[in-house]
Amino acid sequence: MSLAVTVVEGRGLSAKDINGKSDPYVVVHAADKVFESKVVSKSLNPIWNQYFIADFSEPKGIVHVEVYDHDKVSSDEHMGQFSFNVSDHADGKLVDKWFKLQPKKSEKVTGEIRAKIQYFKPGEKAVPQ
């Protein structure tokens with residue numbers, strides 16, 4: 001059983017760099033695996049269109065998604081996060097949804113991430129993302 005996740009795009013993300021922009025990328029934690037998107041330079045409305053597949057033994061568990069600003073000189077800055085339950089997608093229907101970013105601690109967070117999610121069983125194919 002697998003969960004297909006496409007990180008499509010972001011909108012209204014926080015400006016973390018001195019130029020008033022950010023260099024965002026997404027990290028997806030699913031089924032003891034970590035997937036990382038490409039970095040989109042100088043954007044508050046990035047488009048990633050990156051597809052990941054995680055295998056789950058059962059339709060249980062949580063997928064955690066974090067957004068970071070890539071920095072060449074210092075540590076990457078956290079820009080927000082969201083999570084969803086795999087069981088919410090066990091019906092196999094393709095879900096195309098905007099997720100509002102939440103803070104990790106007391107950080108200021110703005111923006112949303114659009115993701116497409118579909119759970120599928122062996123022998124089934126996920127809808128092309």
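Reader: What conventions apply to the numbering and to the model?

Author: Residues are numbered from 1 along each chain as its sequence is written, and side-chain values use heavy atoms, without hydrogens and water. Because the model is predicted, local features need pLDDT of at least 70 and side-chain atom pairs count only at pLDDT 80 or more, whereas totals for chains, interfaces and linings use all residues.

Reader: How many aromatic pairs does a search of the whole structure find?

Author: The search finds 4 aromatic pairs. Rings of Phe, Tyr and Trp (its six-membered ring) pair if their centres lie within 6.5 Å; planes under 30 degrees apart count as stacked, over 60 as edge-to-face and the rest as tilted.

Reader: Why is the pair of Y25 and Y68 called stacked?

Author: The centres lie 5.7 Å apart with 25° between the planes, so the pair meets the limits for stacked rings. Y25 is in strand 2 (residues 24-30) and Y68 in strand 5 (residues 62-69), 43 residues apart; strands are DSSP runs of E, at least two residues long, numbered from the N terminus.

Reader: What makes Y25 count as buried?

Author: Buried means under 20% relative accessible area, exposed over 50%, and partly exposed in between (1.4 Å probe, protein chains only). Y25 has 8% relative accessibility and therefore counts as buried; Y68, at 15%, also counts as buried.

Reader: Why is the pair of F35 and F52 called tilted?

Author: F35 and F52 are 5.3 Å apart, centre to centre, with 35° between the planes, so the angle falls in the tilted class. This pair links strand 3 (residues 33-36) with strand 4 (residues 47-55), and both F35 and F52 are buried.

Reader: Which residues touch the most other members of the largest nonpolar core?

Author: Among its 27 residues, they are L3, V7, V28, V63, F84 and I113. Such a core is a set of buried Ala, Val, Leu, Ile, Met, Phe, Trp, Tyr and Cys residues joined through side-chain atoms within 4.5 Å. Strand 8 gives the most to this core, with 4 residues.
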